[in-house]
Amino acid sequence: MTGTPTGRHRAQLSYLGHLLAVTPLLRWLIIGYTIPAAPTDRHRCVRCAARLWPDACRPSACCPDCRTPAGPPPYTVEIAAAASIVMLICSGARGWELAAYASWSMFLIALGFIDIAVRRLPHQLTAAATLSLTAFLAPAGETPSTWLEAVAAAVGLAAFHALLHAAASSGLGLGDVTITIPVGLALGWLDWRYPFAAAMLSHSATLLAFAIQRTTGRQRQHQPFGTYLATTSILVAAVAHAAQ
Ligand SMILES: [Zn+2]
């Protein structure tokens, strides 16, 4: 059945539906890394201490008892996840490669929302993005040179950002350095130039945001570089797959 256009569309919609079923887990992860631990458990409402799973991890995003907002605004995580998966499917990614880039993009989305909320990029999620990408790409059957190019891109991108961090730690944090590893690996697997294109776009977005703040007279605030990098990386991954 999947050989016909209708069958393919059904299979793609089914794949999209299964992947979007993970959005409550994404919200669960984001809440766990953004709500302060004290005085309540991270996964309890900050106002009434009600358990947030599973009701507050639905798109409505509020405590089931007192209606206090919990985590990212309603429907934002779900829209970001759906947009990423649709872009990857439309770009032509299939099989293990689609699974690899879909899981990688889900972790990047969680990191992006956490960076906006609390200016943190937890190393556990960065490691999870790297491991899931590697695990799903392993059966994809590419040549050793593809892996070598991916690892070299990841090391190069991380080294460049480590230098920026060492030169001015008030600018880029350590989390901004480590998030470049899954980005470099994923985009370098497609072509070594893509990771650097994503990094350039992210730095440009950061500078543009600073320029807008200066022009509008707003107080200069820390920019969520991790969020910009996560967003541009998912876009570049979709464009790269479409260009193959
Ligand atoms: Zn509550």
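Tutor: Happy to! Let's start with the crossing: α8 passes α9 in a right-handed crossing, meaning that the near helix is turned clockwise from the far one by less than a right angle. Helices here are DSSP runs (H or I, at least four residues), numbered from the N terminus. Please keep in mind that this is a predicted model, where local features need pLDDT of at least 70, side-chain atom pairs count only at pLDDT 80 or more, and totals for chains, interfaces and linings use all residues. Residues are numbered from 1 along each chain as its sequence is written.

The axes of α8 and α9 lie 7 Å apart, and the two helices pack at an angle of about 135°; axes are lines fitted to C-alpha atoms, for helices over the stretch in contact, and angles run from 0 to 180 degrees between N-to-C directions. That angle makes α8 oblique to α9, because angles under 35 degrees count as roughly parallel, over 145 as roughly antiparallel, 65 to 115 as roughly perpendicular and the rest as oblique.

Now for the residues themselves. From α8, V183, G184, L187 and G188 meet Y194, P195 and A198 of α9, a contact being two C-beta atoms, placed from the backbone, within 7 Å. This contact divides into 5 nonpolar residues, 2 polar and no charged. Here Ala, Val, Leu, Ile, Met, Phe, Trp, Tyr, Cys and Pro count as nonpolar, Asp, Glu, Lys and Arg as charged, and the others, Gly among them, as polar.
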